[in-house]
Protein chains: 4
Amino acid sequence: MANLYFRYAAMNAGKSGILLLAAHNYVERGMVPLLFTAEIDTRYGQGVITTRLGIQREANTFNASTVFDLDLIVKLAPNVACIFIDEAQFLSREQVLQLHHLVHVHGVPVICYGLRTDFRGEPFPGSTYLLALADEIEELPTICGCGGKARHNMRIDEHGKRVTEGKQIEIGGNDRYLAVCPKCWHLGVQTSRRPGKGLVAPEGR
Amino acid sequence: MANLYFRYAAMNAGKSGILLLAAHNYVERGMVPLLFTAEIDTRYGQGVITTRLGIQREANTFNASTVFDLDLIVKLAPNVACIFIDEAQFLSREQVLQLHHLVHVHGVPVICYGLRTDFRGEPFPGSTYLLALADEIEELPTICGCGGKARHNMRIDEHGKRVTEGKQIEIGGNDRYLAVCPKCWHLGVQTSRRPGKGLVAPEGR
Amino acid sequence: MANLYFRYAAMNAGKSGILLLAAHNYVERGMVPLLFTAEIDTRYGQGVITTRLGIQREANTFNASTVFDLDLIVKLAPNVACIFIDEAQFLSREQVLQLHHLVHVHGVPVICYGLRTDFRGEPFPGSTYLLALADEIEELPTICGCGGKARHNMRIDEHGKRVTEGKQIEIGGNDRYLAVCPKCWHLGVQTSRRPGKGLVAPEGR
Amino acid sequence: MANLYFRYAAMNAGKSGILLLAAHNYVERGMVPLLFTAEIDTRYGQGVITTRLGIQREANTFNASTVFDLDLIVKLAPNVACIFIDEAQFLSREQVLQLHHLVHVHGVPVICYGLRTDFRGEPFPGSTYLLALADEIEELPTICGCGGKARHNMRIDEHGKRVTEGKQIEIGGNDRYLAVCPKCWHLGVQTSRRPGKGLVAPEGR
């Protein structure tokens, strides 16, 4: 039985790397994964899924006019075993419903990776509907500078100051965003480069 | 470290019963749980959380003007160990943010129980923001008549026919809604009263 | 597709209540659940699943010689939709393998509820094999007196002192065991009856 | 609050790749991860964690005589922010208890990656105690050739035939093991190289 999955994370959690590892599992078994990423995300060129550890793969792109129906899938990969979508927060409500239909009426598993909320704490359109409709929702963990679990994205301006207003989407490098825990996000604390707290062996050794 | 939890389910999954069992764990340890339910839900009287197995407890009610700040909590239960909220899909965006603040700035754990989507597949306001901001999201499972996992709510009219348009909120008994799996929801199938498929012992016994 | 589930918890987390709520979901849909509990657990009489909130249901019992094969299931409930097993930590390795076979070869879902570890931190035989083979493993949360998540069971003698050695199984009331968090378990701390820490409204109100 | 994590999977699910991505999250934030792998696993040289996508990192090794106490950690990395352990199924009962103690008494998070069961369905010593004691247990998904979720490891001899008896540990390449779903494991089916089932666009297109 096919499922719709949403694996969300804060920025720089390694989502694309985990996507490529999962897709590779299909390739190794002789099965065909079909990869998509958002056309809007051109950080590493268009139609490329890239990890910070140096791996990259080509991918199809989607934009606002893409229709995820059987025609598209059959055209791209009639033998598809699983659809992978990176930057899934940029999907529209209609596109999430199309993917949900592909999964539950046509039996094609779909695994989406994306952000949950923007720097203001607002969910993206794709996240809203994936969270509402996905069969399995999973958080990919990452770490706040304070040691807590990072679940929010703080936007930083060019002087390193926190920004709390502005447009939802501003594609940028890692340097404009900081993944932080809920407490640091509420209090506006930036603890980005903190070393571990330092352990001391017992009895003065 | 306190967390904000969202435990969602389709209708009639036993959410209120699970809430009362969890709150009882606090009472048994001499700790104080603080219970809320939606004023709008008057199926069993106002300010009462009731299970279909016959247990009920009094609860505070919230409506659109409730402010979940420290003043309210201190007034109701200064020694509170955990806040439980039933029918949490009726919370507003602001109320979810207030609860998120109570959790992460004031250290009070909050556990919310509610529906994820309405009969059209649209998330409720409270669900949208709980799914976006909760630290832990958990599905409380229930069963579709076809044997699959029920994740959607189908609205039925007085003649037993499926309804796909109408207002989001229509408080009613179990008889107006059917919890169904994604496939039955897409195809509009009502398999509400199906017995098991029948097992046969091997070798004609 | 049927699955084998293991929902584990520390003592007094409300496992039996959650089992009865889940089984009730089947009854409401006209489907047949089949209930088992351990013959060894006679706290509330034999063959009865009881919750601390006052609900109870009759159940079949299993002991070391029970064989969970198709013959048994067909004899007890040929139309079974789901098998529920309480006190599943008392299952043997062979019985877990039989249930795993029922699930994956005969398509009968099986949901097991039980303890994960004994008072010494050792897994029970049933827990060991359910943790090794279950398709879905879920922790049912409960609370330590210190506010942390209780995951261990501390055994207490008749004078209220902690016991760290002895037989694995000693059926007793709640008064002989304390559900505690990992830290309290390591340090041997009993914080069983602590009220909340007390909130103070801001600005002296 | 630190936790002990166990992320288990069948063989070839990409465990080591996910470990390296997670450790990299710490490095990017200027925090110090401490990596271990089993001395026994020399597939890629000793003291190296390698992924099938071509990334590798040096790691400390553990064997049966390693003691995971504060002395060891302080010696290797006094500023450690998180301990990562690959091939954690090879840990002993005592080593899992030492790690549990490091987490809950000394506050060092520990994330273990490993297999859950061997080719006979028996848990490894490390898996048994990690499943019994970990605060969070998570399955890293992979795929069976039949399209189901792979949860078991089938051992294959040099002629490609399934083996069901033998020693628990036999370090070998991917060619001696097949990750399969519970049903294929019970029935002994090898569907390792199956293409997708083939989709057909509606209406003859």
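This is a predicted model: local features need pLDDT of at least 70, side-chain atom pairs count only at pLDDT 80 or more; totals for chains, interfaces and linings use all residues.
**Entry 1: the B/A interface.** I started with the area buried between chain B and chain A, which comes to about 2400 Å². Carbon and sulfur atoms give 57% of that area.

**Entry 2: who touches whom.** Next I looked up the contacts, and found 29 residues of chain B in contact with 29 residues of chain A.

Entry 3: How many salt bridges does the rule find across the interface of chain B and chain A? I got 4. I picked out one of them, B:E122 with A:R93, and its closest N and O atoms are 2.6 Å apart. I then went on to polar contacts between chain B and chain A, and the count is 14 residue pairs, both residues at pLDDT 80 or more.

**Entry 4: chain B's side.** I wanted to know which elements of chain B supply the side that touches chain A. Each of α3 (93-106), α4 (125-133), β8 (136-139) and α5 (182-187) brings at least two residues to it. Which of them gives the most? I found α3(B) to be the answer, with 6 residues. Sorting this side of chain B by class, I have 13 nonpolar, 9 polar and 7 charged residues.

**Entry 5: pairs that do not touch.** Last, I checked two other chain pairs. Chain A and chain C have no contact, and I read 7 Å between their closest C-alpha atoms. For chain B and chain D I also found no touching, with the nearest C-alpha atoms 7 Å apart.

Conventions. Residues are numbered from 1 along each chain as its sequence is written. Chains are lettered from A and ligands numbered from 1 in the order in which they are written. Side-chain values use heavy atoms; hydrogens and water are left out. Contact means heavy atoms within 4.5 Å. Buried area is the accessible area (1.4 Å probe) that two parts lose on being put together, summed over both. A salt bridge is a side-chain nitrogen of Lys or Arg within 4 Å of a carboxyl oxygen of Asp or Glu. A polar contact is a pair of N or O atoms within 3.5 Å; within protein, one must be able to donate a hydrogen and the other to accept it, and residues adjacent in sequence count only if both atoms are side-chain atoms. Helices (H or I, at least four residues) and strands (E, at least two) are DSSP runs, numbered from the N terminus. Ala, Val, Leu, Ile, Met, Phe, Trp, Tyr, Cys and Pro count as nonpolar, Asp, Glu, Lys and Arg as charged, and the others, Gly among them, as polar.
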